[in-house]
Structure formats: C-alpha cells, structure tokens
Amino acid sequence: MSDTTPVPAPGRRARHRSRARRRVWPWVAGGVGVLVVALAVLGGLFAKDASTMLRSADALTSHATAAKNAVSDRDAAALAAEVGGLESAAREFAEATTGPHWWLAAHTPWVSDQARPLIAAGKAVDAMASDALAPLAEMESLDALAVPSFENGRIDPYVLEPYREPLARAAGALEAQNEALAEVSLLNTVDQVATPFLDLRSRLADLSDLVGSAHVAAELLPSMLGADGERTYLVMVQNNAEPRATGGIPGAVIEVTLYDGRVDLGEYRAAGDLQQDAGVGGLTKDELRIFGDQMEIFAQDVNFTPEFPRSAELMTRFWTVGGGDAVDGVVSVDPVALGWMLEGIDPVAVGPFEITGENLADTMLRDSYVAYPNGADQDAFFARASAELFGRIVSGKGTVLDGVERAIDAGRFMVWSADEAEQALLVTTPISGGFLERDATAGVFVNDGSGSKIGYYIDTATTVTDLMCADGSIAGQEIDVSFVHTFSGDLNDLPEYVRGGIYVPEGEFHANVLVYPAVGTGVTTVTLDGKKTKVSPQQHAGRAMATARIALEPGQTATLRYEISASERGVLPPEYVQTPGAREPGVERLQKAATSGC
C-alpha cells in the first residue's frame with residue numbers, strides 16, 4: 001500500500017517565506033481544528049453505528065439461520081414466524097451502514113476497503129429479508145421448493161403456477177445481491193470485516209441456489225411436461241460398472257413422450273447399438289484434443305466429459321443418426337438413483353431376478369453379469385430392466401420424490417433441454433449437470449481405461465482439506481482421492497467382459513483421472529502414492545485441468561494427492577464434485593490453517 005501522507009508543496013523564494021508563513025499558519029491551525037472536530041464527530045458516529053451493527057448482527061444471525069432452516073425444511077409457518085424479526089434486524093443493520101459519514105468513508109483510501117464490504121452487506125441483508133424471504137413467507141406452502149411428484153401417473157404441469165411470481169421476485173433479489181457481493185474486493189480488508197462478509201456471501205449463495213432452482217422449475221414445468229404440446233425425451237441410464245466422468249457408460253437409452261404431464265414409454269435401445277463408425281460430429285477442438293474422437297463414434301463414450309449438457313447433445317445426435325426421431329431433451333439417471341426412487345416397491349420380475357429398490361443397483365451392476373455371461377445378452381437385460389423400472393417410477397410407485405431430490409444432490413439425476421431458452425434457465429441449477437461454468441467448484445472425474453466392467457469393484461475415499469486464511473478465504477487445497485480395488489474372489493468366476501484382459505491384464509482396473517481446480521486456483525503438484533507422477537495439463541473450455549493415470553490389481557489401493565494454490569485473494573472454499581460410483585463415495589471435508597499464501 002502506498003504512503004498517502006501529504007507532502008508539502010515547495011516554498012516560495014526565501015524573501016517571501018516570512019510573509020507566506022504569516023498567511024498560511026492561521027489557515028493551517030484552523031484547518032487542523034476543523035479536522036479534529038470532524039474526526040471526533042465521525043468517530044462518535046462510527047462508534048454508535050458499530051454498536052448498532054453488533055447488536056443487530058446477533059439477532060440477524062439468529063433469525064437468518066432459523067429462516068434458512070425453515071426454507072430448507074419447506075416449513076412455511078416457521079419461515080413466517082422468523083421473517084418479521086429478520087426484517088427488523090436487517091433494517092437496523094442496513095441503516096447503521098448509511099449516512100454522509102459512510103459515503104465519506106467509502107471514498108477514503110484504506111478506510112473504503114473496510115467500509116464498502118459493510119455497506120454492501122447492509123444492502124444484501126435488507127434485500128434478503130424484504131425482497132426474498134418476505135414474499136416466500138406469504139406463500140401458503142413451501143412445497144414449491146420440492147420436486148413435484150406423480151399422482152395417478154401424472155405430474156400437474158401447473159402445480160407451481162401459484163408460486164411462480166413470488167419465486168421469481170425472491171430469486172431475482174437473491175441473485176442481484178449475490179452479484180453485488182461478488183464484486184466487492186477484499187484485497188486490503190481486515191480480517192475482522194472480511195470474515196463475516198465471506199460468511200454472509202456463502203450463506204446467501206446457498207439460499208439463492210435453493211430458491212433459484214424452485215423458480216426455474218416453476219418457469220419450465222409447463223412447457224417441459226408437455227402442457228403446450230407433446231414433448232419427447234431420451235432417458236440415458238448410466239452404468240457405473242464402467243466409469244465415465246458423469247457416472248458410467250450409457251448402458252440403455254429409453255424414449256419417453258410427455259403430454260400434459262403424462263408419460264408414455266417408447267422404444268429403448270442398448271447404447272452399444274448406436275455406434276457410428278463415421279462419427280456423428282459436433283466435437284469441439286478441446287474435446288478432440290483431450291478425449292479423442294471416441295465421443296462421436298461410440299454412444300457409450302459421450303460422457304468422457306464432465307459437462308453433461310455436451311454429453312446429452314451428443315446422445316441426441318447418435319439417436320437421430322441411428323434412425324430415431326428428433327427429441328426435445330435428455331434425462332440421465334443411474335441404477336443407484338433408480339434404487340433410491342423405488343425404495344419400498346413390491347419386487348419387479350425382470351429375467352431371473354426379483355428387483356427391489358434395495359437390490360436394484362447390485363442386480364444391474366453386478367449380479368446380472370454373472371447371469372448373462374454373453375455381453376450382448378446383458379446389454380439387452382440392462383436396457384429391458386431400465387425401461388421396466390423407469391416405467392414403475394412414472395406410474396407413481398416407490399419413494400420418487402425423496403429419491404429424485406437425493407439423486408440430484410448426488411449428481412445422479414440430470415436434465416438437458418434442446419430448447420436454448422429452457423437450457424439457459426436449467427444451467428443455473430444443479431439438475432443441469434453443468435460443470436465447466438461452475439467456477440467456484442473443483443472436480444475429480446474418472447474415465448475407465450480397462451474396457452471392462454471391473455469398475456463395479458472400485459471404491460473411492462476422498463479427503464478435501466481447505467487451507468484457510470484468517471478471513472475465511474483459502475490459500476489453497478489438498479485433495480486426496482484413494483481408489484480401492486475390492487474384488488477378492490476368483491477372476492475366472494467373472495465373465496470375460498467383466499474381468500477384461502483385452503486392453504489391460506485380467507482383473508486390473510485402469511483409468512484416466514481428471515482434476516479441475518476451481519477458478520482462481522491452480523494445481524501445483526500431483527503425487528501418486530506419495531511420489532510425483534506424470535500429468536497432462538490442458539485447458540478445457542477455459543478451465544484448467546490435468547489428467548493422471550492409475551492402474552490397480554485386485555486388493556490394491558492407489559492414492560492421488562492434488563496440491564492446489566489460490567492465485568488470487570478472496571477465494572472461498574470451493575464446492576467439490578466427483579464421479580458417482582457404483583456405491584456412494586466417502587468424501588470428508590476438513591480445514592486447517594494455511595502456513596502461507598494469505
């Protein structure tokens with residue numbers, strides 16, 4: 001920071017100095033007196049404001065936490081009970097950051113670095129209370145924040161219409177304040193101001209995501225559920241036994257038609273049947289360089305990329321080139337998510353199996369391979385079972401509502417629309433499966449290199465350690481991902497297409513592991529089992545990423561460690577996502593004090 005001490009202007013010639021002193025000193029003395037008085041007045045005003053802010057901040061935190069919990073629990077009565085106190089505390093806090101003395105502070109070097117975050121925080125909490133939560137509190141129910149459910153095989157396309165306007169107001173207010181807070185620089189802000197500011201920014205972002213998703217649902221449900229005319233979608237069922245970045249290879253593709261909220265199943269195909277040796281085109285230069293041309297030749301490889309909207313768009317190309325009709329969008333789900341959605345159903349007979357929600361994933365990802373040693377037969381079973389089970393979901397059976405919400409949170413249920421306007425709204429929500437535009441998210445993704453289904457037996461355990469600065473931002477991260485090959489039986493008991501042996505030795509699991517650090521951070525070191533390993537650094541659609549290779553025999557463990565440093569100040573602890581496996585991955589989030597970089 002530069003020295004801002006005023007430097008006296010050069011004096012006149014010596015013969016004028018005496019007269020100059022006589023003229024200047026009275027003004028200097030008067031000016032100092034005025035400055036002393038002004039500082040005393042400002043000090044008194046700021047002291048009063050500080051006292052008010054501290055008092056209101058306690059009430060604000062209490063009411064805001066309770067209100068956020070009420071929104072998360074969709075408890076309209078609890079939210080209404082908190083909003084009045086929240087508005088009062090927010091108004092008091094906001095008023096304590098206004099006035100001529102605050103304007104002056106915001107335009108004074110260094111002082112402005114402390115004042116501007118407080119002023120922005122005051123506006124944000126006031127808007128959050130009055131413009132976002134108050135409209136929600138006026139709603140009779142907060143069920144609009146939940147996933148709509150099937151009733152008699154139908155979802156009412158207009159079920160959220162009564163809530164559309166208040167949701168739009170609330171989402172707009174929260175998004176505007178999110179953007180305003182994101183623009184506030186904390187470069188020279190003291191920790192005592194920066195820490196609560198960053199906490200507010202994080203809480204506001206969480207609330208904005210929740211309300212924003214509900215707003216998007218209210219806007220899109222009528223058109224996407226066929227209220228304005230018939231819609232056709234592909235349901236892409238990912239097979240986690242052979243990992244791809246977003247989960248697993250698309251094992252089955254099911255055509256569904258929606259009209260006025262009712263779902264009809266059409267034809268279904270195994271994704272392997274959609275292969276196009278000449279390619280379906282549409283790959284970007286980055287995708288060709290990083291992933292090769294397999295994404296446009298094999299439908300099972302469309303999700304080498306962690307960006308589901310790209311995978312979905314490519315899948316529609318395979319479908320239409322393969323003779324299918326043009327579709328309006330793509331829905332992705334995996335057997336783990338299907339099991340969550342069908343918990344509690346009566347057993348469904350498919351082939352030699354009685355499938356329930358509890359055994360669904362293991363049946364489709366493990367047991368069916370033993371029952372069908374021929375790969376083509378298993379592909380046909382996977383497609384048939386997927387269609388049958390999805391049919392149970394759309395008929396309203398099982399615990400679809402809770403299962404869908406859980407699947408969205410786990411990255412196992414995603415939706416893409418071919419309509420650009422609809423997709424522009426979807427991409428602002430987690431259900432879109434978009435990753436590359438999520439600047440504040442780090443990700444680790446797995447693409448199988450074994451050419452087999454041995455990936456079912458790979459478990460992962462991840463520890464993400466945020467290296468914290470005193471103000472709540474990070475100096476960097478340490479991400480440790482351990483892969484465990486759990487198969488312990490006789491490899492000869494597995495079908496050949498499960499144990500492999502064509503591309504890699506039998507039973508071994510090989511994979512390319514992709515890491516994408518959050519924007520504002522970068523990977524500095526990558527180690528494999530404690531030793532530096534080769535990585536291939538790349539740029540993917542403007543995002544930095546790096547690829548490492550792992551190979552595991554049955555019983556072995558491999559641990560990749562990524563050391564990441566922040567390249568700018570004020571980076572909040574990023575969200576973290578990774579490839580969903582055949583079982584829920586273990587992810588632990590830790591924090592420790594940074595030793596440098598703050």
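Is S72 buried, partly exposed or exposed? S72 is partly exposed, with a relative accessible area of 36%. Buried means under 20% relative accessible area, exposed means over 50%, and partly exposed lies in between (1.4 Å probe, protein chains only). This is a predicted model: local features need pLDDT of at least 70, side-chain atom pairs count only at pLDDT 80 or more, and totals for chains, interfaces and linings use all residues. Residues are numbered from 1 along each chain as its sequence is written, and side-chain values use heavy atoms, leaving out hydrogens and water.

**Overall picture**

- The protein has 15 helices and 18 strands. Helices (H or I, at least four residues) and strands (E, at least two) are DSSP runs, numbered from the N terminus.
- Its C-alpha trace spans about 105 × 60 × 40 Å along the principal axes.
- Of its 598 residues, 49% count as buried.
- Take the contacts with a separation of 6 or more: residues 24 or more positions apart account for 74% of them. Contact means heavy atoms within 4.5 Å.

**Confidence**

- The mean pLDDT of the protein is 89, and 92% of its residues reach 70 or more. The pLDDT is the predictor's confidence in each residue, from 0 to 100.
- Over residues 1-42 the pLDDT is below 50. Beyond near neighbours in sequence, this stretch has 5 contacts in the model.
- Where pLDDT is low, the predicted coordinates should not be read in detail.

**Nonpolar cores**

- The largest nonpolar core has 132 residues, and L79 and L133 touch the most other members. Such a core is a set of buried Ala, Val, Leu, Ile, Met, Phe, Trp, Tyr and Cys residues joined through side-chain atoms within 4.5 Å.
- Another core, of 30 residues, lies apart from the largest one. Its members include A271, F308, F435 and L514.
- Leaving aside neighbours within four places in sequence, L79 is in contact with A67, A70, V71, L133, L136, A137 and L142.
- In soluble globular proteins, nonpolar side chains tend to be buried together.

**The disulfide**

- A search of the whole structure finds 1 disulfide. A disulfide is a pair of cysteine sulfur atoms within 2.5 Å.
- It joins C469 to C598, with S to S at 2.0 Å.
- The torsion about the S-S bond of C469 and C598 is about -95°, so the disulfide is left-handed.
- C469 lies in the loop between strand 9 (458-468) and strand 10 (474-485), and C598 in the segment after strand 18 (586-593), so the pair ties together parts that are 129 residues apart in sequence.
- C469 is buried, with a relative accessible area of 9%, whereas C598 is exposed, at 54%.

**S72 and T97**

- S72 sits in helix 1 (residues 14-73). S72 and L207 are 135 residues apart in sequence, yet 8.6 Å apart in space, C-alpha to C-alpha.
- T97 is found in the loop between helix 2 (76-95) and helix 3 (100-106). T97 is buried, with a relative accessible area of 3%.
- A polar atom of the T97 side chain lies 2.8 Å from the backbone oxygen of A94.
- Leaving aside neighbours within four places in sequence, T97 is in contact with M53, W102, L118, I119 and G122.

**Helix 9**

- Helix 9 (residues 308-321) is mostly covered: 10 of its 14 residues are buried. Among them are F308, L314, F318 and W319.
- G323 follows helix 9 and has a positive phi, near 105°.

Conventions: Polar contact = N/O pair within 3.5 Å; in protein donor to acceptor, adjacent residues only side chain to side chain.
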